[in-house]
Amino acid sequence: MESLLMDESKRILIVEDDPDTVKLVTAFLARDGYRVLSAHNGIAGLRLAREEKPDLVVLDLMLPGLDGWEICRAIRQESAVPIIMLTAMVDEEDRLAGLELGADDYVTKPYGLRELLSRIRALLRRSYGELSADDSDRLYAGDLVIDRSSGQVQ
């Protein structure tokens with residue numbers, strides 16, 4: 001039987017040097033059924049991206065070891081994995097540079113976790129077609145998923 005949470009096997013890599021941010025985003029995404037990998041510096045982040053081949057990367061720009069710009073450039077040369085830049089750099093020039101470099105989305109801090117989740121879902125949907133047309137029949141409330149067409153609750 002197909003799971004109601006179509007995203008649950010999707011792996012998301014978070015490359016962020018702030019441990020509190022990683023904990024918060026990891027808990028929020030895991031609650032929604034995603035498997036989360038994390039790295040706290042650029043070198044480990046690029047290594048994980050190459051070895052684990054995540055379905056989506058959430059990438060900070062200001063990282064120790066290797067910055068997010070370099071990681072994005074390297075990933076883009078090897079993969080079409082969706083990348084969301086999540087950063088405190090708010091200037092239009094930075095946003096444009098990130099998108100031109102290959103990021104699919106650019107979210108500035110502070111941000112809302114629900115907005116980040118919606119952006120992740122949208123990118124996965126566009127990239128992998130993960131959410132089916134009948135997803136509009138699903139209601140999400142925290143850990144609860146109600147499929148109105150089948151009458152199933154998870």
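**View 1. Surroundings of Ile-71 in the predicted model.** Ile-71 touches Val-15, Gly-42, Leu-46, Leu-59, Leu-63 and Leu-66, residues up to four places away in sequence not being counted; contact means heavy atoms within 4.5 Å. The model is predicted, and local features need pLDDT of at least 70, side-chain atom pairs count only at pLDDT 80 or more, and totals for chains, interfaces and linings use all residues. Residues are numbered from 1 along each chain as its sequence is written, and side-chain values use heavy atoms, with hydrogens and water left out.

**View 2. The largest nonpolar core.** This core has 23 residues, and those with the most contacts inside it are Val-15, Val-57, Leu-59, Ile-71, Ile-75, Ile-83 and Met-85. A nonpolar core is a set of buried Ala, Val, Leu, Ile, Met, Phe, Trp, Tyr and Cys residues joined through side-chain atoms within 4.5 Å; buried means under 20% relative accessible area, exposed over 50%, and partly exposed in between (1.4 Å probe, protein chains only). At least two residues of the core come from each of β1 (11-15), α2 (42-52), β3 (56-59), α3 (68-78) and β4 (83-87). Helices (H or I, at least four residues) and strands (E, at least two) are DSSP runs, numbered from the N terminus. The most is given by α3, with 5 residues. Apart from this core lies another, of 18 residues, among them Ile-12, Ile-14, Val-58 and Leu-113.

**View 3. Helix α3 beside helix α4.** The axes of α3 and α4 (residues 92-101) come within 9 Å and cross at roughly 25 degrees. The two helices are therefore roughly parallel, a term for angles under 35 degrees. Axes are lines fitted to C-alpha atoms, for helices over the stretch in contact, and angles run from 0 to 180 degrees between N-to-C directions. Trp-69, Cys-72, Arg-73 and Arg-76 in α3 meet Asp-94, Ala-97, Gly-98 and Leu-101 in α4.

**View 4. Asp-55 in the loop between α2 and β3****.** Asp-55 is buried, its relative accessible area being 14%. Its side chain reaches the backbone nitrogen of Arg-11 at 2.7 Å. Leaving aside residues up to four places away in sequence, Asp-55 touches Ser-9, Lys-10, Arg-11, Val-81, Pro-82, Leu-124 and Tyr-128.

**View 5. Lys-10 in the segment before β1****.** Lys-10 is also among the residues touched by Asp-55. With a relative accessible area of 10%, Lys-10 is buried. The C-alpha atoms of Lys-10 and Val-36 are separated by 8.5 Å, although these residues are 26 residues apart along the chain.

How values were computed: Parallel < 35°, antiparallel > 145°, perpendicular 65-115°, else oblique. Polar contact = N/O pair within 3.5 Å; in protein donor to acceptor, adjacent residues only side chain to side chain.
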